[in-house]
Amino acid sequence: MSALNNLDSWRELPAAQQPDWPDPAALERVVAELGSLPPLVFAGECDQLKNELAAVARGEAFVLQGGDCAETFAGATADNVRNKLKTLLQMAIVLTYAGRVPVVKIGRVAGQFAKPRSKSTETREGVTLPAYRGDMVNGFEFTDEARQPDPNRLLKAYHSSAVTLNLARAFAKGGYADLRQVHAWNQDFVAESPAGRRYEQLAREIDQALAFMRACGAEPEEFHTVEFYSSHEALILDYDQALTRIDSRTGLPYDVSAHMVWIGERTRQLDGAHVEFFSRIRNPIGVKLGPTTTPEEAMALIEKLNPDNEAGRLTFITRMGASKIREHLPTLVEKVSASGAQVAWICDPMHGNTFEAAGGYKTRRLDDVLDEVSGFFEVHRALGTHPGGVHIEFTGDDVTECVGGGTEILEDDLARRYETACDPRLNRSQSLDLAFRVAELYRSA
């Protein structure tokens, strides 16, 4: 059986978190159309990212992965894409200087249109409708018409992803990502933010380093452009399989909807459809691991998803919660490392730290996010392993969705600009706070 035919093997297994499409024939037509459309990314780009993630697994690089919790079709605008990229680049320059290693920049963009839900329905004032599963599946408005899963949204997700990727590539290669310009933005942040003032020394050091290189006439290409990769949780398997192609160079299948895709905490069942599908594609892949993950489960995932122990192929993204990471992470890292498995470790400090504020808003405390990152670093330093990166939900806008930060947001402020389609995101200022704090962790190690 060919590799292409093997891609159907997941259909024989339980597939968690899939929509209940009301019209199977309509879904089949959409999937066929998606299968005929051009790739959003190329297999060679996926391999390039895999090589960079191999350096992360060896302790020679650091990952900064971030973006929206759930993208929306309305958000695929030049301003939104530019602001997210700007924030990511600002964070990356700080981490690059502090860590003295390359920073691999991966966006949660151009495909993050679907979200797993704890309940399949939502009830308001006695009315029960299907839960909102992301713009790829149904609408956010609480009406029967909007909440019905519509496979035509899969096509809209593809076209919205294409627009986002085109914008991101234009910004990344067209001069917007120039290192000196990005540093100037950070200097503005340090000067204007109450929290930023604690980072003046680090910002001044970066400024002096850039001035020295300019005086030496150093003008490498890397100063003016960046490599930027896309990623999303490959939740809706019909979409990701439809965008899987056989690479003409190697004859191997790649999910060309994104450079990297990951499996969520709720869909990582060893006998489930997601793990089976991911075992067939050749992209670099990630798996979210929560606090209940056992070392045996982690080792079984490695055996299933990376049996050849290929460096850069598999990333474990831990999402433990600030109160649990120091207790649960050490055994996982220790057992996996002792096995010789080549895995990159990334910290998702967002999903384990969500709570409901008094006003009913789902939120996170920046202090909890920072504490989980601190715990992640502490565990890896104690074990002599590499803290390979952070995976965060953020936006480049001045939203009020998470509490805390230098320009402090209180629970009473959440209603002011609570705009997320799903989970709360760090705003630009909070994201930069996080980057400078992670830089401090690097420097104190």
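Before going on, some ground rules. This is a predicted model, where local features need pLDDT of at least 70 and side-chain atom pairs count only at pLDDT 80 or more, while totals for chains, interfaces and linings use all residues. Residues are numbered from 1 along each chain as its sequence is written, and side-chain values use heavy atoms, with hydrogens and water left out.

Along its principal axes, the C-alpha trace spans about 65 × 50 × 45 Å. Inside that you'll find 14 helices and 14 strands, which are DSSP runs (helices H or I, at least four residues; strands E, at least two) numbered from the N terminus. Buried residues make up 58% of the 445, where buried means under 20% relative accessible area with a 1.4 Å probe, protein chains only. Take the contacts (heavy atoms within 4.5 Å) with a separation of 6 or more: 76% of them come from residues 24 or more positions apart.

Now zoom in on alanine 55, which sits in helix H3, residues 43-57. Alanine 55 counts as buried because its relative accessibility is 14%. Leaving out residues up to four places away in sequence, it touches Glu60 and Ala61. Threonine 400 is 345 residues away from alanine 55 in sequence, and their C-alpha atoms are 36 Å apart in space.

Notes. Buried means under 20% relative accessible area, exposed over 50%, partly exposed in between (1.4 Å probe, protein chains only).
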